[in-house]
Amino acid sequence: MASSLQALERWVNDTAARTRPARIHWCDGSEAEYAALVEQMLASGDLIALNPQTHPGCYLHRSSPSDVARVEHLTFVCTPKREDAGPNNHWMDPAEAHAKMDALFDGCMEGRTLYVIPYCMGPIDSPLSRCGVEITDSPYVVANMRTMTRMGASALARIEREGSFVKGLHSTGELDPERRFIMHFPEELSIQSYGSGYGGNALLGKKCHALRIASHQARREGWLAEHMLIVGIETPAGDTHYIAAAFPSACGKTNLAMLIPPEGYRREGWKVWTVGDDICWMRPGEDGRLYAINPEAGFFGVAPGTSANSNPNALVSIARDTIFTNVAVTADNQPWWEGLPGEPATDWQGRPYDPANGPAAHPNARFTVSARQCPTWSEKAEDAQGVPISAIVFGGRRPSLLPLVMQARDWTHGVLMGAAMGSETTAAATGAVGVLRRDPMAMKPFCGYHYGDYFAHWLSFDRPGAKLPAIFHVNWFRKGEDGRFLWPGFGDNLRVLEWMIERVEGRARGSATPVGTVPQAGELRLEGLGLPASAISELLHIDEAAWQQELEAIGAYLEEFSPRLPEALAREQHRVADALASRPRMSRSAASA
């Protein structure tokens, strides 16, 4: 198998000949290597040490103000045939993309170090895991990849054993927005990224490998690579159900992954275990169930919005050994963002804080931390076989129409729920308020191939002998007529997860509607919430006239993926629409009883 390392060395040498670095460093992932990188970046100003008393081992990185987020309009899927990339991706011909990137990479590492990062996405000994190698000229990328992946000698040994890996080539280039591209070559299992140092564009193991390339691998090999958290819910009886959940951005994914049960539930013995907060790889096991791993070893979380109220477990996680990116800093050198106590002295660009310059922390400011530092981290995250998934949850931010929770009647209906999910815009700054943006399975920016083929791949798991998870849809964001949220959210979302578990175990009857099964009266535990009956009625109400319009809109949206839209999904949309049309109108009280 040494030939696989020879192939890797040839690729590294060829890349070095093109990029012309001053030196080459093969990363081993050791503590000593990390310490040396940190010292190097402290000396160069790429990192700033934070308060060692309050945040030991923590550092701040400030990126270029023009390089603070993923750049979807500059992210391409380069398949030989344009139609294979689908309308959900930007496409470029592979030959054109390679020519463009070869020109950009020519001599780009002169005077810099070329780092070779062998890494494994997932537990190092798991058959569900996949390996990659990222070449980069950014020590910041090396430090973050060490936290986010299993990086170093053990990954290199697995690459030598298996003989295959995803090739990722990255350079920060000049950080010029006009010379910035992220190219994916699924057929070649390769990624090329130039001109950005930002996480999602530069940490190639993350969205680029673990979703765009992995989704292509997963379709070919019979598994699923999804933009989902994985959380374990342990009941007082000692049973743990694992739930995978997909939400678009700003819908509380990390909060749900690190949920703290309400006080009454804690007293009863309920526990929550965090397996992953962002990415989930699922594969059918020999028993027909889906088993999942979190391919990542760390959290690359959004800092603003993380507070003692929203996610105290995250705050505990990032109190030490964390790299912060684009946060503000207090006078005594602690990281700061909106929602935390205290006052910022310096904003994310290093300027004295002035509200006239906008938020102190960039809205997309990040923290990178080992998942093991989370108080609710589950040792099952390292299980080679993965954890069995009892339920899959889709969700979005919808102020009306979508109930608090509903269950799909079967797998095909569940795929339709996922394909139709989305969120409504909520602030004037994003344009028109109340515009629905559909984001099927929360994968719109990350699916590495045609969405029609992706839906067909999901449907293909419903086969004889399969024991598939139940599928649910949730909406924590429904509002009353006064414009206020009807549901408290956060830890109280466990009340909804408990109902899902009871459905999975066959202990809750639910109330069937044409669009899904909702809780019957009394099935959701609501003690201590102080919610009026009218609020519960509104949260679970199905407005069938409005749902008829929604089904028409879903049908029109899915038609965008013709001719590759699976006939079974189109039939399911028609089935639900016909069921709604044929129903006698029900009163609100009857519908929510």
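**View 1. A threonine pair around Thr 376.** The side chains of Thr 376 and Thr 274 make a polar contact at 2.6 Å. Here, a polar contact is a pair of N or O atoms within 3.5 Å; within protein, one must be able to donate a hydrogen and the other to accept it, and residues adjacent in sequence count only if both atoms are side-chain atoms. This is a predicted model, in which local features need pLDDT of at least 70 and side-chain atom pairs count only at pLDDT 80 or more, while totals for chains, interfaces and linings use all residues. Residues are numbered from 1 along each chain as its sequence is written, and side-chain values use heavy atoms, with hydrogens and water left out. You will find Thr 376 in the loop between S22 and strand S23 (387-395). Helices (H or I, at least four residues) and strands (E, at least two) are DSSP runs, numbered from the N terminus. With a relative accessible area of 12%, Thr 376 is buried; buried means under 20% relative accessible area, exposed over 50%, and partly exposed in between (1.4 Å probe, protein chains only). Not counting residues up to four places away in sequence, Thr 376 touches Met 258, Val 272, Trp 273, Thr 274 and Asn 313, where contact means heavy atoms within 4.5 Å.

**View 2. The five-stranded sheet that includes S22.** Follow the strands in the order S2-S3-S19-S22-S18 and you have an open sheet with mixed pairing. Strand S2 (48-49) and S18 are the edge strands: each has a single partner strand, so one side of each is left without a neighbour in the sheet. Two strands pair if DSSP finds at least two bridges between them. Strands of a sheet pair through backbone hydrogen bonds, either parallel or antiparallel.

**View 3. S22 and its two partners.** Strand S22 (residues 366-370) is mostly covered, with four of its five residues buried. Strand S18 (residues 298-302) pairs with S22 in the antiparallel sense over five bridges. Along this pairing, Val 302 stands opposite Arg 366, and Gly 301 stands opposite Phe 367. Strand S19 (residues 323-325) also runs antiparallel to S22, joined by three bridges. There, Thr 325 has Arg 366 as its bridge partner.

**View 4. Helix H5 lying across the sheet.** H5 lies across strand S3 (59-61), S18, S19 and S22, and runs at about 50° to S22. For this angle, axes are lines fitted to C-alpha atoms, for helices over the stretch in contact, and angles run from 0 to 180 degrees between N-to-C directions. Like S22, helix H5 (residues 139-148) is mostly covered: nine of its 10 residues are buried. Among the buried residues are Pro 139, Tyr 140, Asn 144 and Met 148.

**View 5. Strand S7, buried on both faces.** Look along strand S7 (residues 130-136) and you will find seven of its seven residues buried. Arg 130, Gly 132, Glu 134 and Thr 136 point one way, while Cys 131, Val 133 and Ile 135 point the other way. In a regular strand the side chains alternate between the two faces of the sheet. Strand S6 (residues 113-121) pairs with S7 in the antiparallel sense over seven bridges, and Cys 120 stands opposite Cys 131 in that pairing. Strand S9 (residues 166-171) runs parallel to S7, joined by four bridges, with Glu 134 opposite Gly 168.

**View 6. Cysteines without disulfides.** The structure holds zero disulfides, a disulfide being a pair of cysteine sulfur atoms within 2.5 Å. For Cys 251, the nearest cysteine sulfur is that of Cys 280, 18 Å away. Cys 251 is buried, with a relative accessible area of 2%. Cys 447 is buried too, at 0% relative accessibility. Its closest cysteine sulfur, in Cys 208, is 14 Å away, too far for a bond.

View 7. The peptide bond from Ser 562 to Pro 563 is cis, with omega near 5°. Pro 563 sits in the loop between helix H16 (544-559) and helix H17 (567-581). Ala 442 is not a glycine, yet has a positive phi of about 60°. This residue lies in the loop between strand S26 (436-438) and helix H13 (451-459), and is buried at 1% relative accessible area. Phe 490, also not a glycine, has a positive phi of about 50°. Its place is in the loop between strand S27 (470-474) and helix H14 (494-504), where Phe 490 is partly exposed, with a relative accessible area of 46%.
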